Every structure is written in C-alpha cells, then in structure tokens.
Amino acid sequence: MAQWRAVESNPETLTTMARRFGLSGSWAFVDVFGFDDDSLSFVPQPCLAVIFLFNSRTETPARGNPEPSVFYMKQVHALNNACGTIAAIHALANNADRLNIRGGPVFHYLEHARGLSPEDRGNALANVRSLSFLPFSNPKTRT
C-alpha cells in the first residue's frame, strides 16, 4: 500500500503536482477569492474546474452515482491524507482530453480506473506508488 501525504491547499503546490501528473505549462491552478461577479472576474478564462477544499470531521454520504461521463473516486480509508491529490485528479480526469493529458502516471491510472466503481477507483489509486511519492512541495517554500 502506498503512503499518501497531505498536500498544501494553494495554487502553486497544486499546479506543481498537476504538472508532474502531466498537465501542460499553459494551464494552472489559481485562487478564487469569492463567487460574486467582481471576484470571479479575476479568474483566468477558460476555467475548467473548481476545487473546494474544506475540513470535515464526518464522512459525507454519497448522494447517488455521478453521470457515467464524470470521473469520480471515493476517498477510501487508505487515502485519508490525499484529499487535495484526489481533487486535483478529479479536475484533470474530467478534463483530460481538453488538457491533453497523455502519458505520465495520471494517464496510466485513468486508463486502468475508468471502468471501475468510485470505491474501486479509490482503492486502485491507494496502490499507485508513482503518484503517492511524488514530491509536491512548492519549490519556493523549500528550505
């Protein structure tokens, strides 16, 4: 079983991680400071995904199954520190064609996981060592 580390919830760290997953240099994560029109006007367009991370002490039950075209995985127990990684993979997976994600560890994981249930996708990710051990720290903050 792979070891999963918590990922800093900031655009630089998420972008660094996504680039190592296969995201091209023309795309990046950015902060969204609010959902009013003025705040949203600062978000570069096009915007393909929004990640909303929040602390939850309880498990939120699933509300039905997502559409078959939506890639979704369950955060299984073995992925307890991987919520940021899972959010980034959801963003990349659901836009893989537009982002031209070809090759690399996420592409290979997606090829394997597309036909699996959300829980089996989570279990499959828990065993992908090539994703769990990538260094995700923001190079600007290394000491």
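Reader: Which residues does Thr-15 touch, not counting residues up to four places away in sequence?

Author: A contact here means heavy atoms within 4.5 Å. With residues up to four places away in sequence left out, Thr-15 touches Trp-27, Ala-28 and Phe-29. Thr-15 itself lies in helix α1. Keep in mind that this is a predicted model.

Reader: Is Thr-15 buried or exposed?

Author: Buried means under 20% relative accessible area. Thr-15 has 10% relative accessibility, so it counts as buried. Across the protein chain, buried residues make up 36% of the 143 residues.

Reader: How many residues of α3 are buried?

Author: Start with the helix geometry. An α-helix has 3.6 residues a turn, so residues three or four places apart point the same way. Now the case: ten of the eleven residues of α3 are buried, so this helix is largely enclosed by the rest of the structure. The buried ones are Gly-84, Thr-85, Ile-86, Ala-87, Ala-88, Ile-89, His-90, Ala-91, Leu-92 and Ala-93.

Reader: What covers the buried residues of α3?

Author: The cover includes α1 (11-21), α4 (96-99), α5 (104-113), α6 (118-126) and α7 (129-132).

Reader: How many residues does the largest nonpolar core have?

Author: In soluble globular proteins, nonpolar side chains tend to be buried together. Here the largest nonpolar core has 31 residues, and those with the most contacts inside it are Phe-71, Leu-79, Ile-89, Tyr-109, Leu-125 and Leu-131. The elements giving two or more residues to this core are α1, α3, α4, α5 and α6. Of these, α3 gives the most, with five residues.

Reader: What does Leu-79 touch, not counting residues up to four places away in sequence?

Author: Leu-79 has contacts with Trp-4, Lys-74, Ile-86, Gly-122, Leu-125 and Ala-126.

Reader: How many aromatic pairs does the count come to?

Author: Ring centres must lie within 6.5 Å, and planes over 60 degrees apart count as edge-to-face. By this rule there is one aromatic pair. Phe-71 and Tyr-109 form it, edge-to-face, at 6.2 Å centre to centre with 85° between the planes. The pair links distant parts of the chain, with Phe-71 in the loop between α2 and α3 and Tyr-109 in helix α5, 38 residues apart. Phe-71 counts as buried at 3% relative accessibility, and Tyr-109 counts as buried at 3% as well.

Reader: Which residues does Asn-81 touch, not counting residues up to four places away in sequence?

Author: They are Trp-4, Arg-5, Ala-6, Val-7 and Gln-75. Asn-81 and Ala-6 are 75 residues apart in sequence, but 4.7 Å apart in space, C-alpha to C-alpha. Asn-81 is found in the loop between α2 and α3 and is partly exposed, with a relative accessible area of 38%. For the protein chain, residues 24 or more positions apart account for 65% of the contacts with a separation of 6 or more.

Reader: Which residues make the nonpolar surface patch of about 360 Å²?

Author: Val-32, Phe-35, Leu-40 and Val-50 make this patch. Val-50 lies in the loop between α2 (37-40) and α3 (83-93) and, at 54% relative accessibility, counts as exposed. The protein chain exposes about 9,100 Å², with carbon and sulfur atoms supplying 52% of it.

Key. Residues are numbered from 1 along each chain as its sequence is written. This is a predicted model: local features need pLDDT of at least 70, side-chain atom pairs count only at pLDDT 80 or more; totals for chains, interfaces and linings use all residues. Side-chain values use heavy atoms; hydrogens and water are left out. Patches are made of residues with over 30% relative accessible area and no salt bridge: like charges are joined within 9 Å, nonpolar side chains (Val, Leu, Ile, Met, Phe, Trp, Tyr) within 5 Å. Accessible areas come from the Shrake-Rupley method with a 1.4 Å probe; for residues, only the protein chains shown count as cover. A salt bridge is a side-chain nitrogen of Lys or Arg within 4 Å of a carboxyl oxygen of Asp or Glu. Helices (H or I, at least four residues) and strands (E, at least two) are DSSP runs, numbered from the N terminus. Buried means under 20% relative accessible area, exposed over 50%, partly exposed in between (1.4 Å probe, protein chains only). A nonpolar core is a set of buried Ala, Val, Leu, Ile, Met, Phe, Trp, Tyr and Cys residues joined through side-chain atoms within 4.5 Å. Rings of Phe, Tyr and Trp (its six-membered ring) pair if their centres lie within 6.5 Å; planes under 30 degrees apart count as stacked, over 60 as edge-to-face and the rest as tilted.
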